[in-house]
Amino acid sequence: MSLSPPMFLKEREESNSKFVELQQSQTTSIAAEDPLQNLRLASQEVLQKAQQSGRSKCLKCGGSRMFYCYTCYVPVENVPIEQMPLVKLPLKIDIIKHPNETDGKSTAVHAKLLAPDFVNIYTYPCIPEYEEKDHEVALVFPGPKSISIKDISFHLQKRIQNNVRSKNDDSDKPSIKRKKIEEQDLNDSKCKVTTLKKIIFIDSTWNQTNKIFTDERLQGLLQVELKTRKTCFWRHQKGKPDTFLSTIEAIYYFLVDYHTDILKEKYKGQYDNLLFFYSFMYQLIKSAKCSGDKKTRKLTY
């Protein structure tokens, strides 16, 4: 007995619905396994060739390295600089590296390689003075005093106004005249567009961060906390939650949120190439783990 058209259509719809659900489930599963799959990256062919040919010489120090020299912050001989992407950032970045942080295991160098005009790396305790610029600089660090990225402009504006009041309180001018000057300065400060010009990151294991964070040169700065995200770093710190990000992940996610929450622009992958090296190494190590290829994993260290 043949099926009537309505029954046939109903079964077909149910079948299609199950197929769509299966596809969505598979897509979600793949995304969970590969969180970096949707990045808009430049061609990584140059890294594939370099990985196949093995370590190469740093043209500055002569050291044998894979992909780049983590001491000189330059690509090695078999990774031509013109084949690497160059990323333009909306603000400057200072990275303060703990002296005990192993250079070859740090991802901070990725930011310096890919956005050299916007990124500086300092080894603690040799860090800049930020006191005079505390109204345009912020430190990414979690804690009870930390604010969200979307509130940065508001808090920087408050700092400018507090600085104006503090300056006028110290003035020797008569109180009435001082009050008028303060009102004028406050009005001027409100007219100015408050812009974050520099963001600071600490490059260290979480157990070592306290020494840098408690430094008096950083204590007065606005603290910013990132939204919770899971790391896919292959050197995940034992005993720490998977929300503890690597340095390059923290930089990338900060910029993505800054772009949408502060610049109020749609994110279209402008900073994805900051993960140019990171995503390639992630895929390389992931494949090596699946195949049990210890040699490949060692090459990336």
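**Helix H8**

I began by noting that the expected span of a helix is 1.5 Å times one less than its number of residues, and that helices (H or I, at least four residues) and strands (E, at least two) are DSSP runs, numbered from the N terminus. I kept in mind that this is a predicted model, in which local features need pLDDT of at least 70 and side-chain atom pairs count only at pLDDT 80 or more, while totals for chains, interfaces and linings use all residues. I also noted that residues are numbered from 1 along each chain as its sequence is written, and that side-chain values use heavy atoms, with hydrogens and water left out.

I then looked up H8, which has 15 residues and reaches 21 Å from its first C-alpha to its last, close to the 21 Å expected at 1.5 Å a residue. H8 is mostly covered, with 14 of its 15 residues buried (buried means under 20% relative accessible area, exposed over 50%, and partly exposed in between, with a 1.4 Å probe and protein chains only).

**Aromatic rings**

I searched the whole structure for aromatic pairs and found 10; rings of Phe, Tyr and Trp (its six-membered ring) pair if their centres lie within 6.5 Å, and planes under 30 degrees apart count as stacked, over 60 as edge-to-face and the rest as tilted. The pair of Phe 254 and Tyr 258 is stacked, because the ring centres are 5.8 Å apart and the planes stand at 25°. Both residues belong to helix H8 (residues 247-261), where they are four residues apart, about one turn of the helix, and both Phe 254 and Tyr 258 are buried. Phe 276 and Phe 277, by contrast, form an edge-to-face pair, at 5.4 Å centre to centre and 80° between the planes; these two are also buried.

I also found a cluster in which ring pairs link Phe 141, Trp 206, Phe 213 and Phe 244. At another ring, that of Tyr 70, the charged end of Arg 65 sits over it, 4.3 Å from its centre (this requires NZ of Lys or CZ of Arg within 6 Å of the ring centre and within 35 degrees of the ring normal).

**Charged side chains**

Is Lys 97 buried or exposed? Lys 97 counts as buried, because its relative accessibility is 7%, and it lies in strand S5 (residues 92-97). Leaving aside neighbours within four places in sequence, Lys 97 has contacts (heavy atoms within 4.5 Å) that include Asp 103, Tyr 122 and Asp 203.

I counted 10 salt bridges in the structure, each being a side-chain nitrogen of Lys or Arg within 4 Å of a carboxyl oxygen of Asp or Glu. One of them joins Glu 45 and Lys 49 (3.4 Å, N to O), which both lie in helix H2 (residues 45-53), four residues apart. Glu 45 is partly exposed at 43%, whereas Lys 49 counts as exposed at 52%. Another joins Asp 215 and Arg 217 at 3.0 Å, N to O; here Asp 215 is buried at 9% and Arg 217 partly exposed at 22%. Lys 133, Glu 136 and Lys 197 are linked in a network of salt bridges.

**Confidence**

Last, I checked pLDDT, the predictor's confidence in each residue, from 0 to 100. The chain averages 81, and 71% of the residues score at least 70. Over residues 18-32 pLDDT stays under 50, and the model has two contacts beyond four places in sequence for them; over residues 184-192 it also stays under 50, with 12 such contacts.
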